[in-house]
Amino acid sequence: MTTITLASKRRRSALKTLAFMSPWLIGFAVFFAYPLISTVYFSFMHYDGFGPPTWRGTRNWTYVFQSYPLFWPALRNTLWLVLVMVTLRVVFGLGVGLLITRIRTGTGVFRTLFYLPYLAPPVAATMAFAFLLNPGTGPVNSLLERVGIPAPGWFGDPTWSKPALTMLALWGVGDLMVIFMAALLDVPTEQYEAAELDGASPWQRFRYVTLPNISPIVMFAVVTGVIQTMQYYTQPLIAGKVASGVIQGAGTQFEPGYPERSTLTLPQLVYNLGFQRFEYGPACVVALVLFALSMVFTAFLMRRRGGLIQAGD
Amino acid sequence: MPEVSRKAALALAASAAMALLATACTGQPDAGANDDASKDTTINFWHAWSDPSEVKAVTSLIDGFRKAHPNIRVNVVGNMTDDKINQALRTGGAKAPDVISSFTTNNVGKFCSSGALVDLNPFFEKTGTDPEKTFPKAMNEYTQFDGKRCTVPLLGDAYGLYYNKDAFAAAGIKNPPRTWSEFEADAKKLTIPQADGYRQLGFMPDYHGWESTTEHYFAQFSPAYFDSSGKSSLATDPAFEKGFTLQKRLVDELGGYRKLEKYRAGLGDEWGPKHPFHTGQVAMQLDGEWRLGMAEEAKPKFEIGVAPLPVPDDQAGQYGKGYITGTIAGIAATSKKQNAAWKLVKYMTTDTDAVVGFANDIHNVPSTLAALKSPKLKYDPRFKTFLDIAANPDSTTTPASINGGQYLVTIQQFGYDYESGRAKDLKAGLLRTAQQIDTDIAQAK
């Protein structure tokens with residue numbers, strides 16, 4: 001009798017646990033596990049949205065890696081953006097945060113000014129940048145030419161298109177600035193006072209007091225930055241479309257990445273293959289590559305966490 | 001708690017399986033022409049026109065249909081791209097389109113091979129209409145793929161040459177060019193440099209110059225895109241090499257790729273009043289028949305001339321031909337009101353007065369043989385050039401392919417590499433591009 005009661009009690013508590021967990025479980029199953037499983041499944045199938053999917057074996061995989069001319073340029077661009085854009089965004093965001101915490105008057109004005117661009121919708125912001133950086137008529141180039149600096153082609157030149165996108169990303173660094181500011185204001189002032197008494201220079205104070213204190217936030221900024229950049233889609237697509245002259249025209253066929261595939265990113269390929277060519281198999285392969293890359297980057301960064309974050313954090 | 005985690009795993013697996021099963025039951029076209037078209041009903045019609053004058057023309061076309069079929073209401077949704085139409089055709093549902101029209105003839109192969117649009121042959125048979133006797137030959141060809149007629153022509157497009165008569169007179173040119181070598185000489189004469197740009201450019205040869213796409217240039221060389229076994233002829237048909245060489249020479253002679261692209265970046269967009277041809281910034285423009293109306297609406301400060309595009313010097317006898325394409329209409333496979341939808345498609349595409357009225361309003365080429373001859377067809381005398389191009393037996397179109405216009409996108413992409421100097425070896429590039437086209441087609445099968 002006692003054993004039965006114990007078993008039923010345990011079952012009841014297990015069910016209770018499961019009931020409490022169910023919102024997450026359902027969400028996980030529907031929005032993560034199912035899409036992931038079906039992505040893997042469709043990566044081995046031929047499917048165009050009509051009729052039943054048919055078995056393809058590894059043909060979609062070999063197609064993407066060997067015969068799809070856009071894959072490698074898109075991968076290279078995505079990695080470039082992850083390395084350069086994320087690094088610069090974190091450095092710039094931290095720099096702006098540091099500057100604003102040091103300012104004594106008009107802090108509110110500067111905070112607002114730096115935060116405002118972040119609120120601009122990505123399409124509008126990109127169009128504005130494409131206008132400002134227009135190599136023919138843009139005010140930036142007119143100014144550069146007037147002071148005798150050779151003006152770059154920006155979104156029209158493959159060498160300059162990614163730096164131009166990076167500038168756009170730096171302009172919208174307001175989100176990082178806010179979290180860095182919060183972290184910087186949290187650093188205990190007595191630590192700075194102690195360091196100052198020990199004769200630490202401003203750089204040493206930053207290196208040995210500020211940085212260790214804000215390292216979890218730096219880590220957060222890097223990890224979320226990497227994931228965001230892996231999903232980078234709207235800005236390069238709009239910039240490429242505007243610069244190539246293909247803005248409208250319902251019958252216009254447009255291959256993303258203008259100029260010379262320099263603004264092509266992996267998410268654009270998922271769209272191009274999946275929702276323009278309706279070849280879901282190869283689209284799933286690219287999506288899985290993207291997923292694997294995000295996992296690798298995040299795992300690598302989380303392992304490095306020990307070096308960045310001190311014990312007790 | 002091992003039991004809990006086992007149960008959690010079970011629950012997870014079960015919900016994933018349920019989700020899989022649930023989706024396995026959807027997404028398939030579940031329809032047929034079983035509806036009664038004489039009953040009161042509402043159908044959805046998606047089209048791609050967006051300009052206010054064009055949208056007005058669609059409205060008056062639908063008003064005409066409503067008068068003839070008062071029991072069928074039509075929900076019209078405009079400004080739809082092929083991407084959106086394609087997605088809606090796959091999803092289905094009450095808000096999805098029953099009838100679609102698209103500007104992209106290139107997508108017919110995909111629409112037919114995927115089964116997104118229904119085969120209209122049985123409908124034509126039922127109503128006793130013979131498409132071959134109804135539509136012009138080229139239009140009849142580009143609306144079907146592999147024996148399946150999944151689309152019908154809804155107005156056609158012909159491509160020709162627009163030129164600035166005042167600029168021609170100022171440069172001492174009497175007639176529009178008939179061969180590419182005359183065209184080259186004229187383009188150079190009409191180009192007036194200014195600082196590091198142009199006061200007037202004779203012609204914008206870049207493939208990013210809107211309608212100056214590879215297929216529009218190459219049509220003048222009458223190329224065969226595929227051989228009898230369905231493989232790409234890009235590397236074997238000399239027409240392509242000639243087309244690419246001509247365009248590259250124009251790019252180099254008129255200032256070079258960088259200079260032209262910089263100039264292009266500052267020009268107004270294709271569909272706005274500041275189009276560089278309207279403003280006099282370029283003196284010649286490769287474009288479709290709709291440009292005449294748009295250009296006149298922008299009230300240019302010069303007289304507009306219209307002519308067929310030039311032909312290669314060794315094909316001078318074929319002067320007058322051009323590229324033909326057009327808008328297409330079809331019925332969604334997911335539609336549950338296919339008989340009612342057919343009434344609309346039939347009216348829009350075969351009723352002579354409806355076709356003529358719509359062609360008059362939208363400044364496109366009519367798409368039926370009867371409408372082309374209709375005395376109600378009102379047009380500027382210059383527009384006749386496009387009607388002649390459409391009727392010219394040497395005019396060409398681009399063939400339908402299983403993966404739609406992907407092969408054209410691939411050729412165009414090579415064009416970008418070649419015009420910019422990134423790809424230097426034309427023969428090797430054509431061979432590589434042809435292989436890419438074949439691989440993509442095999443992948444789509």
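1. Start with A:Phe110, which is partly exposed because its relative accessible area is 36%, a value between the 20% and 50% cut-offs. This residue sits in helix α4 of chain A, running over residues 107-119. Together with A:Val109, A:Leu113 and A:Phe114, A:Phe110 makes a nonpolar surface patch of about 350 Å². Keep in mind as you read on that this is a predicted model.

2. Aromatic rings come next. The structure holds 51 aromatic pairs, counted over all chains. One of them joins A:Phe71 and A:Trp72: the ring centres are 4.9 Å apart and the planes stand at 75°, so this pair is edge-to-face.

3. Now for the cysteines. Over all chains, the structure has one disulfide. Its partners are B:Cys112 and B:Cys150, with 2.1 Å between the sulfur atoms. The link between B:Cys112 and B:Cys150 is left-handed, with -85° about the S-S bond. What does this pair tie together? B:Cys112 belongs to helix α4 of chain B (residues 108-114), and B:Cys150 to the loop between α7 (137-142) and β4 (152-164) of that chain, so the link ties together parts that are 38 residues apart in sequence.

4. Are those two cysteines buried or exposed? B:Cys112 is buried, with a relative accessible area of 1%, and B:Cys150 is buried as well, at 0%. Over in chain A, A:Cys284 also counts as buried, since its relative accessible area is 13% and the cut-off is under 20%.

5. The buried ones are B:Asp82, B:Asp83, B:Ile85, B:Asn86, B:Ala88, B:Leu89 and B:Arg90. After α3(B) comes B:Gly92, and its phi is positive, near 70°.

6. Another chain B residue worth a glance is B:Glu184, found in helix α9 (residues 180-189). B:Glu184 counts as buried, with 10% relative accessibility. Which residues does B:Glu184 touch, not counting those up to four places away in sequence? The contacts are B:Leu246, B:Arg249, B:Leu250 and B:Glu253.

7. On to charged pairs. Side chains of opposite charge can pair when their charged atoms come close. Over all chains, the structure holds 20 salt bridges. One of these is between A:Arg89 and A:Asp175, whose closest N and O atoms are 3.2 Å apart. A:Arg89 lies in helix α3 of chain A (residues 71-102) and A:Asp175 in helix α8 of chain A (residues 174-185), so the bridge ties together parts that are 86 residues apart in sequence. Both partners are under cover: A:Arg89 is buried with a relative accessible area of 12%, and A:Asp175 is buried with 18%.

8. In chain B, B:Lys376 forms a salt bridge with B:Asp353, and the closest N and O atoms are 3.1 Å apart. How many residues in sequence separate the parts this pair ties together? The answer is 23, because B:Lys376 is in the loop between α16 (369-373) and α17 (384-391) of chain B, whereas B:Asp353 is in helix α15 (residues 352-362) of chain B. B:Asp353 counts as partly exposed, at 45% relative accessibility.

9. The next bridge stays within one helix. B:Lys384 pairs with B:Asp388, the closest N and O atoms being 2.9 Å apart. Both residues lie in helix α17 of chain B, four residues apart, or about one turn of the helix. An α-helix has 3.6 residues a turn, so residues three or four places apart point the same way. B:Lys384 is partly exposed, with a relative accessible area of 37%, and B:Asp388 is also partly exposed, at 39% relative accessibility.

10. One last thing to find in the model is a salt-bridge network. Bridges that share partners join A:Glu145, B:Asp196 and B:Lys262 into one network.

Terms used
Residues are numbered from 1 along each chain as its sequence is written. Chains are lettered from A and ligands numbered from 1 in the order in which they are written. This is a predicted model: local features need pLDDT of at least 70, side-chain atom pairs count only at pLDDT 80 or more; totals for chains, interfaces and linings use all residues. Side-chain values use heavy atoms; hydrogens and water are left out. Helices (H or I, at least four residues) and strands (E, at least two) are DSSP runs, numbered from the N terminus. Buried means under 20% relative accessible area, exposed over 50%, partly exposed in between (1.4 Å probe, protein chains only). Contact means heavy atoms within 4.5 Å. A disulfide is a pair of cysteine sulfur atoms within 2.5 Å. Patches are made of residues with over 30% relative accessible area and no salt bridge: like charges are joined within 9 Å, nonpolar side chains (Val, Leu, Ile, Met, Phe, Trp, Tyr) within 5 Å. Accessible areas come from the Shrake-Rupley method with a 1.4 Å probe; for residues, only the protein chains shown count as cover. A salt bridge is a side-chain nitrogen of Lys or Arg within 4 Å of a carboxyl oxygen of Asp or Glu. Rings of Phe, Tyr and Trp (its six-membered ring) pair if their centres lie within 6.5 Å; planes under 30 degrees apart count as stacked, over 60 as edge-to-face and the rest as tilted.
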